[in-house]
Amino acid sequence: MVMVPKIKLNVDGKIVEVNKGKTILQAASSIGIRIPTLCHDPRLEPFAACRVCMVEIERGKTTALITSCNTEATDGMVIRTDSEKVLKTRKMVLELILSDHPRDCMTCEKCGSCTLQDLAYAYGVRESRFFEEPDGGVVEDSNPVIQQDTSKCILCGRCVRICDEVQQDYAIDFKNRGFDTETGTPFDKQRRETTCVLCGQCVSTCPVGSLVEKQAVGKGREWEFKQVKTTCAYCGVGCTMYLNVKGNRVVKVTSKVGSIPNDGNLCVKGRFGYDFIHHPDRLKHPLIKKNGKFEEATWDEALSLVASKLGGIKTKYGHDNIGVFSSSRCTNEDNYLAMKFARATIGTNNVDQCART
Amino acid sequence: MSFGSGSMTNSIGEIKDCKLIFLIGGNPTEAHPIVGLEMKKALRKGCTFIVADPRRIWFAQHAKLYLPVKPGTDNWLLNAIAHVIIAEGLENKEFIKTRTEGFEELKAFVKDITPEKASEFTGIPAEDIRQAARLYAKSEKSALFYTLGITEHTCGTDNVRTIANLALLTGHIGKPSTGVNPIRGQNNVQGATDMGCLPDRMHGYQYLSDAAVVEKFEKAWGVKLTKTPGATSPTMFERMNKGKFKALYVIGEDPVMSEPNQEYTIRGLKNLEFLVVQDIFMSETAKYADVILPATSFAEKDGTFTNTERRVQRVRKAISPIGNTKPDWQIICELSTRMGYKMDYPSPKEVWDEIASLAPMFAGINYARIESNGIQWPCLDTKHPGTKFLHEGKFTRGLGKFFVLPYRAPAESPDKEYPLLLSTGRTLYHYNAGTMTRRSAGIIHKTNECFVEVNEEDAKELGIFDGEMVRVATRRGEITAHAEVSEKVKKGVIWIPMHFVEAAVNKLTKDAYDNITQTAEYKVCGAKIEKLN
């Protein structure tokens, strides 16, 4: 094992010891000091675009403001995260960001989970002296899962960077200059015509309401959802995800940074492949085939019929003439009981599953 | 087999620190996208990739070395790599001496399997095979990854053992970010085998041939057990086709779509006296059922899945059952009780407790311990942290075993009448039989039609254009799909995804199986393509 040297620094009067190579943001966070960020996502390289994470650093007799997300902590540093200078500057930064952001939190999908809204609230930034009506709006795109509203974009670049650094699909980038800058697909193409795989990683990292799950628009507020932690039912990676439920409906699927094994990442199937749960084609009642046609039956009728038929075949032909196929799609508990059913109830070892397919 | 147990030897979290990844017969960016992301992380950190695949997949485009191997000839490639490792003295002599057996036999066997000879079969230049051997052997942290491109052959088990030979030769196993890793395709395929849904063993890989195992279960369950191994699914289908199998209870599976040679599968099901299908949709298999039992989806039930890195993870009920459906476990319990064997559990938690009490490898796992994160088996007691990587210091079977495995040709190779080699697989957007993904708006927006990948040179010879609808036929059946003409797939090979019921590729595949695992040969058969008019 290679030993990483330790360094010590002073953050808000407390001594912090961390491994060399950590940023000031990470060092502060390790002792529970929370520095606000907008353009930072632990899954991405530091970018230092939003300037919200600025802290004050002692430089001899003077001090300077530096961004904590991309500055490496060094031995002996003295940092203030909450000085008057820091707070004043942070408010100014927020005012500048809000100068080009719509004031429509009341109808915004992100209301309640928007980092910008939280920061404006925390720092009491109600008005921006520099406010100009933002350009842009909802981008027309035929895809049914990702909705982009360019007017809400704060140009933190998280969507662009997650598409580049993590997904490596390079489907979106910054476009235009100055106030006209926005993110999007090349030549305003529809997403389906680009290298976009509709994974929605951009949605997962957007700190504001610029990128949202289209199918969830208008379906509920953040605080109305019951978030149920579960494991994805598609491939064998086993991503941890949250079913966002309102009423008896799964409205959207999300994940969280730090989740094992996927660290908040999900693919197109995991994030957007949930429509089947409420699909009208779902089988809703037991069915018994009579004269070649399926007819609805009660559980009692269906289970009695299965029990008597399987019992009859067992008596007539022997248990070796009955088999059970269990499934790689079902839970361990389902599979264990299917195996137990074959062996203990029927008395056969004719039990198999689809691991071969 | 080679090591003593079958699953990933490393964890997903270790992938990003690999120095070399040898990816063979797997396409993680599409079939296992989040493992794909971890590999992309490794790539950004400078990890060297060797990719052996008949298709120029994403990682092939980013690999240091791309080996476009002809499907069914992996054995030649792998044995030739072993040849180079030994011939150039790159083997780990200390590791071979202390931790393996059978080296001399392997050495004698691969002596004649030169890269030049392997090149004739695989279509890979001999120098690239040499280069692959050197890169793999010399890297400080080399990990092998494979999936169904290796196993879905009549020689699938041989292929896996030949891969294991390379890890044993170089000692690239039993260390962080270093090992042999099959990535499992379905959410709980690891769990289904772990739970003993296999004809010869109980859950936790406890074999019925062991009298102590039988005795333990007979006592716990209060029944007499049948000791002779049962039939595998291919054997059951064989007996169905002969009219010598009477009833089948299918839970959450769609063999009509997923088994090879669809016509044969359907004929077998029709021969049954009684078929029960338990599913969430009217699957192709359910259409042949006498009784359909409607189950809940994963969103409507509690339980656990075990992922590809052996991690037992919680599944939680988010909504109440849709319509008049019930969770699978409950249906099985009610049916069993009606048939005279009482199964009565208040919830899946108690089922898990029974699972853990009867299998040492799960003994330390319970719902409370996996509340926030899953635990990787083996986990022997409630103090045990679980097992991140297998075979550190010692293999499950003691010494690692080298296998001498000569090439065996596929059951059906291309010939004059069916000159192309058909291989099948999964895509990013759809999942297996497509019953779930083809009902998801976002996914069908991106792709919702079957296609056949054709090499541009083959297409030129056949006069087929990109996007054109074509007929693909084998000795078993035919389908139509649109042609995707490019250089992605190797010349002489065509590739079709498995998700589309209206163009079911398993109408085409051959019902030939590996002699040990009975996995079907989905990756190789002879086929032809014709223009529609």
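How many residues of chain A are in contact with chain B, and how many of chain B with chain A? Hi everyone, let's start there. This is a predicted model, and in this model 95 residues of chain A touch 119 residues of chain B.

Who gives the most to the side of chain A that touches chain B? That is helix α8 of chain A, residues 332-346, with 13 residues. If we sort that side of chain A by class, we get 49 nonpolar, 29 polar and 17 charged residues.

The two chains also meet through strands. As a reminder, strands of a sheet pair through backbone hydrogen bonds, and they can do so in parallel or antiparallel fashion. Here, strand β13 of chain A, residues 287-290, is joined by two bridges to strand β11 of chain B, residues 291-294. These two strands run antiparallel.

Now let's look at chain A by itself. Chain A is divided into domain 1 (6-82), domain 2 (102-218), domain 3 (222-282) and domain 4 (287-356). How far apart do the C-alpha centres of domain 2 and domain 4 of chain A lie? They are 51 Å apart.

Over to chain B, and a pair of helices. Helix α4 of chain B covers residues 74-87, and helix α10 of chain B covers residues 156-170. They pack at an angle of about 15 degrees, and their axes are 9 Å apart. Angles under 35 degrees count as roughly parallel, so α4(B) is roughly parallel to α10(B). Their crossing is left-handed. On the α4(B) side, the residues making the contact include B:Leu78, B:Ile81 and B:Ile85; on the α10(B) side, B:Ile163, B:Leu166 and B:Leu169 are among them. Taken together, the residues of this contact divide into seven nonpolar, six polar and two charged.

Last stop: a sheet in chain B. This is an open sheet of three strands, in the order β12-β13-β14, with antiparallel pairing. Which strands are at the edges? They are β12 (303-306) and β14 (375-376) of chain B, and each of them pairs on one side only. Four bridges join β12(B) to β13 of chain B, residues 311-315. To find your way between the strands, look for B:Phe305, which stands opposite B:Gln313 in β13(B).

That's my tour, so please go ahead and ask away!

Key: Residues numbered from 1 in each chain as written. Chains lettered and ligands numbered in written order. Predicted model: local features only at pLDDT ≥ 70, side-chain atom pairs only at ≥ 80, totals over all residues. Axes fitted to C-alpha atoms, helices over the stretch in contact; angles between N-to-C directions. Parallel < 35°, antiparallel > 145°, perpendicular 65-115°, else oblique. Left-handed = near helix turned anticlockwise from the far one by under 90°. Contact = placed C-beta atoms within 7 Å. Nonpolar A, V, L, I, M, F, W, Y, C, P; charged D, E, K, R; others polar. Domains from an automatic or database assignment. Pairing = 2+ DSSP bridges.
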